[in-house]
Amino acid sequence: MNREWWKKAVIYQIYPKSFKDSNGDGFGDLKGIISKLDYLKLLGIDAIWLCPVYVSPQKDNGYDIADYYDVDPRYGTLTDMEDLILEAKKRDICILMDMVLNHTSDENKWFLEAKKSIDNPYHDFYVWRKGKKGCPPNDMKGTFGGSAWTWNEATGEFYFHQFADCQPDLNWDNPKVREALYEVLKFWVDKGVGGFRFDVIDQIAKVPDEKITANGPRLHEFIREMNEKTFPDTVFLTVGETWGATPELAKKYSSPKGDEFSMVFQFEHILLDQIPGKEKWDLKPLKLTDLKRVFAKWQTELYATGWNSLFWNNHDLPRIVSRWGNDSKEYRTLSAKMLATILYGLQGTPYIYQGEELGMTNIKYDIADYKDIETLNIYDERIHTGYSKEDVMKSIYAKSRDNARTPMQWNSSLNAGFSSCKPWIKVNPNYVEINSESEVSNPDSVFNYYKKLISLRKKYDVFCDGKFKLLCPDDEKIFAYTRETESEKIMVVCNFGEDEVSLGGKLKTHDGKILISNYGDCLEGKLRAYEAYVKLW
Ligand code: TEU
């Protein structure tokens, strides 16, 4: 592997709870993942980002870790994890473990000790404040609703949690915390993992007294120390989740010096369909020129100075074909392929979230069928503050994290082939039409389109190295750009809507060779509904 192998790689994200259940308990598990490695090899991916499988009470589906050193019995055993690493390696696929180092579960032994007394050796593993006359020290809110402070009677203090009260924040200012976490990382490096995804890593240097959560003053110091003390070599792939990243910060995180991460997940494009300054539930339509501006900025700013991740989906986000595509029967496949085309022509490392390669869609369930702590909290909070149920459900249909967490749709048999018994969350009823068995066997499927895009990125260096140039920046229907090296040039052209659009003078199209097209060909002078193609010349 060369040092920056991940610049030509495609990474597949698995949410283990919903991927494949091998033992009929309704939960996905590690043996289930092993049984699907050949499917992933067929797709052509190079690495798997595995969401947390550590011991956890599952209040935030594993992002509340009770024991970093063992696998939760729901997912299997440490031996199963070692088998997965080995079986993946046999297929030239490496495993990236999801590391949640900003907080633990309140059932982690560190916290169970810490909350006992002020002089407990683990007390300062967490963030405590006396507060004032029984009130929290300030009005900071948790991401999942409510105060970010919770009272602990035994020590007469509040503890800080950026997320739910069952997820107390770790105190990274305490060198003993950092050392303990570095031991965790080294344990998994020794198990042979190929990298880490770091959960909300830009929040570890928080300063609650100044209401600072992301991008705290010691953040890069901590990241560089962690890199220095635990990352084994330069081929080790690390990606940080950094909601607060700007291009300037991303240049630090993903600098070619390699003293922080390989890359980060930034979310500026993801925030474009919410009312600025409001919450993700406060919806506004996507404006294509905003999307083009944001992608152009990141492509230009990180060219030769850093490295982009490229994604539409993850386990926290609604499914892109329902969000910015068109999940109707008529346009689902075309628009899913269009969205993949515009993303895979960019410079960066693409991430496929499980089911994205099938064109899986959002759901519309009764509130009783939702499981996500964030969704259930916002439902209660907004109903309580007087929102109509219709308005709240409209936001939940659009943005609930459960849109991404319904079971992977393997075939048209019971429970979509995910499990032999009732899954932990309802299967999307469209599994009969949308499933991997039908997609793999259909040459014109979304699956085989992704497979071809992945192979093109490996075949032509221009996808990895080409300089980006946005075309027709002010057009609200067409997203087009070129990528250019000294020897190759591609043009990527996409119609983001269902109306046919004329190219009339907007785009100087070249003869070139059509590398891929979601219609199989391309017409001179116009683009059909959701048409997408890549030309090489
Ligand atoms: O998410 C960070 C985070 O802030 C998201 O929860 C985001 O704010 C929200 O999902 C928007 O809908 C990471 C993990 O990806 C997420 O699954 C965890 O719940 C969270 O951290 C806490 O660990």
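Biologist: How many residues of strand β13 are buried?

Modeller: Start with the terms. Buried means under 20% relative accessible area, exposed over 50%, partly exposed in between (1.4 Å probe, protein chains only). Strands are DSSP runs of E, at least two residues, and helices are runs of H or I, at least four, numbered from the N terminus. In β13, residues 349–353, five of five residues are buried. This is a predicted model: local features need pLDDT of at least 70, side-chain atom pairs count only at pLDDT 80 or more, and totals for chains, interfaces and linings use all residues. Residues are numbered from 1 along each chain as its sequence is written, and side-chain values use heavy atoms, without hydrogens and water.

Biologist: Which residues of β13 lie on each side?

Modeller: In a regular strand, side chains alternate between the two faces of the sheet. Here Thr349, Tyr351 and Tyr353 lie on one side. Pro350 and Ile352 lie on the other. Both faces are covered.

Biologist: Which strand pairs with β13 over three bridges, and in which sense?

Modeller: Two strands pair if DSSP finds at least two bridges between them. Strand β1 (residues 11–14) pairs with β13 in the parallel sense over three bridges. Tyr12 has Ile352 as its bridge partner. Strand β12 (residues 309–310) also runs parallel to β13, with two bridges. There, Ser309 is partnered by Thr349.

Biologist: How many helices and strands does the protein have?

Modeller: The protein has 15 helices and 20 strands. Of its 537 residues, 61% count as buried. Its C-alpha trace spans about 75 × 50 × 45 Å along the principal axes.
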